[in-house]
Amino acid sequence: MALTGIQIFKLLPKTNCKECGVPTCLAFAMNLASGKAELDSCPYVSDEAKEQLAEASAPPIRPVKIGKGVRAFTTGGETVQYRHEKTFYNQTTLAAMVSSDISDADLAAKLTTWNAFQFERVGLNLRPELVALKDANGDAAAFAAKAKTIAETSEFNLILMSDSAEAMQAAVEVAGFKRPLLYAATEANLEACGEMAKAADLPLAVKADSVEALVPLTEKLIEMGLKDIVIDPGSREIKKALEDQIVIRRAALKNGNRAIGFPTITFPCEMASNLDMESLIASMFIAKYGGIVVLSDFSGDALFPLLLERLNIYTDPQRPMTVTEGIYEVNNPDENSPVMVTTNFALTYFIVSGEIEGSRVPAYLLIKDSEGLSVMTAWAAGKFAGDDVGMFVKKSGIMDKVKHTELIIPGYAAAIAGDVEEELPGWTITVGPREAAHIPGFLKSR
Ligand code: SF4
């Protein structure tokens with residue numbers, strides 16, 4: 001069970017040295033208890049206290065690391081039921097299923113197609129993470145061969161799905177280096193699967209016929225020393241599956257039930273007969289509260305909206321996405337190129353820079369830190385005031401890059417033109433378009 005702030009305080013050094021960033025050990029203890037601080041922030045906790053505190057301050061849903069390389073991920077680790085309470089941390093990961101009896105050529109073609117599903121949005125690469133390899137017929141050699149191909153020839157990480165201990169062991173030997181998730185331990189094979197996962201230090205999924213039936217299984221695995229567990233309550237009917245996800249999340253967060261405090265794996269591919277319906281179900285699990293979602297295939301038109309939904313849900317609502325303050329060069333500008341300025345709200349930056357890029361007019365784009373607010377909001381909040389913008393332009397170093405003295409400000413911030421001019425004597429302040437879509441026409445007409 002989680003410790004209270006006072007219980008945590010008793011285990012801290014009580015020197016109030018402030019190195020953790022708050023004025024007192026008591027304040028740090030309170031933050032730790034409410035999940036607002038990390039234990040590592042205090043360098044003076046004794047090893048003994050650390051052990052007790054690590055357990056007590058561990059997230060109620062264990063974070064589980066799966067995979068290696070650029071598509072490795074952590075699932076679980078959530079601390080709130082609703083995103084608006086704080087944030088969700090580890091996004092739902094997406095898998096597509098492939099059967100071990102697929103031909104080599106078809107597997108290669110699928111991996112190439114799936115690998116191409118990568119979408120750039122707000123500076124992020126949105127892409128799926130996993131291939132779920134399903135043992136078609138207990139042929140250990142074929143299962144291992146396909147696992148090896150996926151592990152060695154693609155960036156994708158793996159879920160190895162087999163009832164055969166022999167097939168699973170063979171696949172672990174050739175693909176274990178990619179830290180695959182083993183699916184699944186059940187009541188019938190719990191110990192053998194647990195031993196295999198433990199020996200190979202791999203995450204293990206456990207499947208039961210209900211949430212209640214999961215509890216003795218996870219308890220047994222925990223007793224065996226396994227920590228990296230993913231749970232499947234077995235429900236494949238939409239309403240029941242959603243209820244189970246909610247029950248698991250609530251039990252872990254509100255009741256502190258550690259036996260089901262693990263990320264979940266869900267199977268829309270076993271709940272629908274076509275990819276459209278699967279995608280709808282997947283979108284439900286992205287919202288509530290699937291850790292891993294397995295589809296029967298990836299197709300661009302189904303995947304893209306799921307990735308965007310995931311991006312929206314797993315973006316911290318308390319922290320707008322930002323880009324770094326500074327000078328951004330678009331289309332290889334030179335000393336005569338126009339200079340534009342805007343705020344550091346990521347969406348603003350990507351829309352404006354995209355429009356400049358599309359215009360093919362070389363330009364400098366100055367991004368001023370406005371705490372992630374858009375132009376109008378930043379201006380209204382005093383984060384994009386004329387004198388600040390003027391000072392920022394002076395300090396930015398742009399004056400060493402251009403030999404003209406003209407600054408283009410956003411149309412929505414026209415009111416700051418006078419103050420910018422005062423701060424930048426001798427400069428011409430030009431008011432640009434209000435809408436980013438009009439930037440290409442504006443630049444080309446100059
Ligand atoms: S760093 Fe540790 S000892 Fe120092 S104030 Fe914070 S909790 Fe207390």
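1. Ala165, Met168, Gln169 and Val172 of helix α6 (residues 165–175) meet Ala192, Met196 and Ala200 of helix α7 (residues 190–200). Contact here requires C-beta atoms, placed from the backbone, within 7 Å. Helices (H or I, at least four residues) and strands (E, at least two) are DSSP runs, numbered from the N terminus. The contact of α6 with α7 comprises 6 nonpolar residues, 1 polar and no charged. Ala, Val, Leu, Ile, Met, Phe, Trp, Tyr, Cys and Pro count as nonpolar, Asp, Glu, Lys and Arg as charged, and the others, Gly among them, as polar.

2. The model is a predicted one, in which local features need pLDDT of at least 70 and side-chain atom pairs count only at pLDDT 80 or more, while totals for chains, interfaces and linings use all residues. Residues are numbered from 1 along each chain as its sequence is written.

3. How do the axes of α6 and α7 cross? They come within 11 Å and cross at roughly 10 degrees. The two helices are therefore roughly parallel, a term for angles under 35 degrees. Axes are lines fitted to C-alpha atoms, for helices over the stretch in contact, with angles from 0 to 180 degrees between N-to-C directions.

4. Helix α6 also packs with helix α5 (residues 140–153): their axes come within 8 Å and cross at roughly 30 degrees. This angle makes α5 roughly parallel to α6. Ala140, Ala141, Phe143, Ala144, Ala147, Lys148 and Ala151 in α5 meet Glu166, Ala167, Ala170, Ala171, Val174 and Ala175 in α6. Of the residues in this contact, 11 are nonpolar, none polar and 2 charged.

5. Around the ligand lie Leu12, Pro13, Thr15, Asn16, Cys17, Lys18, Glu19, Cys20, Cys25, Phe28, Cys42 and Tyr44, a residue being near if its C-beta atom, placed from the backbone, lies within 6 Å. This shell divides into 8 nonpolar, 2 polar and 2 charged residues.

6. Most residues other than glycine have a negative phi, and most peptide bonds are trans. Asn16, in the loop between α1 (5–11) and α2 (25–33), has a positive phi of about 50 degrees although it is not a glycine. The peptide bond from Tyr183 to Ala184 is cis, with omega near 0 degrees; Ala184 is in strand β8 (residues 181–185).

7. The domain assignment gives domain 1 (5–57), domain 2 (64–313) and domain 3 (326–444); such bounds come from an automatic or database assignment. The centres of domain 1 and domain 2, taken over C-alpha atoms, are separated by 34 Å.

Key
Parallel < 35°, antiparallel > 145°, perpendicular 65-115°, else oblique. Contact = placed C-beta atoms within 7 Å.
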